[in-house]
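Good morning. Please have a look at the picture first.

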Amino acid sequence: QNQFFKMIKILIAVIFFIYGLHVGSSHIFPFDLIKLSYRYIKTTINGSKYSKNIEECELAQLKEIPFNSTVIIGHVYGNQSGRDGYIASNVENFLDKNIDKIDKLIFTGDVFAEPSLKKWNTLHQQFSNSTQIYVAPGNHDIGTLPRYEIFNMSKFGFKESLSINEDPHLIIENSESTNMLMNNSTIDLVNNTNQSTVYLFRHHVPIQELVKVSNALYPTNQLLPYVKQFADKFTEVENFVVVSGDHGLYDSRPSVTCSKYKNITFITNGIGGREGDTVVVLNNGKLSYLKM
């Protein structure tokens, strides 16, 4: 009997070995899963190695929206879209209640799970009379050619970067169109600013170290620079703040984080369509957050 079980174990091991070879050569299940897991582990290890000089920071919590604020909301459709596949219900309710206090409204991507020109037009008609609306598109918004064309047909469309050169200087970036990397036009805008502080709003995290708090592990995450490589491109600007919106979907990951490296502050924020979702608020040159 012992010999029988020993033969069974050997047979199982041989089957797994042969199947493993087949997985590696033919890229069948679970090849992609193993590949993504390896990349995640590698990114986490390397991120820990290179992120020793990144400091955690804290944002103040608000109880209400101050007047003339800029409000930033990421992953706007949440976990499940609201009515008819529209923005998340808690986002729509929050905006209906506070829109008169909001000077600028910046959506940092994934506004709709399934975008359409009708939805973009509805969003513009619903809120644009009360506030200026900007969209830093995400993969759900322009991840396919038809969606990209629809976005460009809407009132929110642009190709690379939008610059609002006020005080502070605000830049809206299309990070989806460059596989998460910084657009050259964005780099030029930041480095040639005439303001002491620049705020950049984009969908994807800009550095490897922040992949672990984003909603998804994309293969293109491997292209992202580490924080030192990123910071080396922006040594001239006094204060550079990057706000990314591909966050908040999972309970296991924070809705809002703040970290700092030299002259650069990184804010991650997004919603999951649940109680406790947060938005980021810029008012009088200070960033805070508020629970919806």
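Before the strands, one term: two strands count as paired if DSSP finds at least two bridges between them. Note also that what you see is a predicted model.

With that in hand, take strand β9, residues 239-244. On one side, 5 bridges join β9 to strand β11, residues 264-269, and the two run parallel. Within that pairing, V243 has I267 of β11 as its bridge partner. Strand β9 also pairs with β8, residues 197-202, again in the parallel sense, over 6 bridges. There, F240 of β9 stands opposite V198. How many of the residues of β9 are buried? The count is 5 of 6, so the strand is mostly covered.

Now the helix, α3, residues 89-98. Its buried residues are V91, E92, F94, L95 and N98. They lie on the same side of α3, because they cover an arc of only 160° around the axis. What do the buried residues of α3 pack against? They pack against strands β3, β4, β12 and β13, and against helix α4.

Why does E92 count as buried? Its relative accessibility is 9%, and the cut-off for buried is under 20%. The side chain of E92 makes a polar contact of 3.1 Å with that of Q126. Leaving aside residues up to four places away in sequence, E92 touches R83, Y86, I87 and Q126.

Note on methods:
Residues numbered from 1 in each chain as written. Predicted model: local features only at pLDDT ≥ 70, side-chain atom pairs only at ≥ 80, totals over all residues. Heavy atoms only, no water. Buried < 20%, exposed > 50% of the residue type's maximum accessible area, 1.4 Å probe, protein only. Helix = DSSP H or I, 4+ residues; strand = E, 2+ residues; numbered from the N terminus. Arc of directions from axis to C-beta. Contact = heavy atoms within 4.5 Å. Polar contact = N/O pair within 3.5 Å; in protein donor to acceptor, adjacent residues only side chain to side chain.
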